[in-house]
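Hi there,

Here is the structure I promised to pass on to you.

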Amino acid sequence: MTTLQISLPENLKYFVEDQATKSGYGSTSAYLEALLEEVRRAQSGVPIETSLLAGLDSGIPVEADDAYWTKFRARYRERLGRGTT
């Protein structure tokens with residue numbers, strides 16, 4: 001992987017760091033990479049349905065029962081810093 005150094009105003013730097021953290025990325029680099037990949041995909045003309053189908057075909061299938069959604073909501077609330085309320 002190559003490195004690209006950019007300069008940002010301080011307020012934008014803090015915004016990117018905050019968004020990366022809130023979105024669950026391990027670093028600002030990972031967050032920006034995901035954003036840029038999203039733009040690249042959008043500009044490539046690949047329909048979102050293609051990406052969704054690829055996602056459905058990846059990983060191990062999981063039954064989305066009540067227990068799954070309860071755990072999912074708890075993880076999401078934790079990620080947002082809202083606890084269980």
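Read along the sequence, the pattern is simply α-α-α-α. Please keep in mind that this is a predicted model.

Overall dimensions and surface

Along the principal axes, the C-alpha atoms fill a box of roughly 45 × 35 × 20 Å. Buried residues account for 4% of the 85 residues. The chain exposes about 7,800 Å², and carbon and sulfur atoms supply 56% of that area. As for charge, there are 10 positive and 12 negative charges in the chain, and their mean positions lie 5 Å apart.

Confidence

How does the prediction score? The average pLDDT of the chain is 88, and 95% of the residues score at least 70. Among the elements, helix α1 (residues 10-22) has the highest mean pLDDT, 95, while helix α3 (residues 48-56) has the lowest, 83.

Helix α1 and the loop after it

Helix α1 has 13 residues and reaches 18 Å from its first C-alpha to its last, close to the 18 Å expected at 1.5 Å a residue. Just after α1 comes G24, which takes a positive phi of about 85°. G26 is found in the loop between α1 and α2 (28-44). Is G26 buried or exposed? Its relative accessibility is 83%, so G26 counts as exposed. I also checked G26 against Y68: these two are 42 residues apart along the chain, and their C-alpha atoms are separated by 24 Å.

The loop between α3 and α4

P61 has its place in the loop between α3 and α4. With a relative accessibility of 77%, P61 counts as exposed because the cut-off for that class is over 50%. How far apart in space are P61 and P9, C-alpha to C-alpha? The answer is 43 Å, for a pair that is 52 residues apart in sequence.

Helix α4

Helix α4 (residues 66-80) has 15 residues, and the distance from its first C-alpha to its last is 21 Å, close to the 21 Å expected at 1.5 Å a residue. A67 lies in this helix, α4. At 54% relative accessibility, A67 counts as exposed, again because the cut-off is over 50%. From A67 to S44 the C-alpha to C-alpha distance is 38 Å, and the two residues are 23 apart in sequence. Following α4 you will find G81, whose phi is positive, near 75°.

Best wishes

Definitions and conventions
Residues numbered from 1 in each chain as written. Predicted model: local features only at pLDDT ≥ 70, side-chain atom pairs only at ≥ 80, totals over all residues. Heavy atoms only, no water. Helix = DSSP H or I, 4+ residues; strand = E, 2+ residues; numbered from the N terminus. Buried < 20%, exposed > 50% of the residue type's maximum accessible area, 1.4 Å probe, protein only. Areas by Shrake-Rupley, 256 points an atom, 1.4 Å probe, with all protein chains shown as cover. Lys, Arg positive; Asp, Glu negative; His and termini not counted. Charge placed at Lys NZ, Arg CZ, Asp CG, Glu CD. pLDDT = per-residue confidence, 0-100. Expected span 1.5 Å × (residues − 1).
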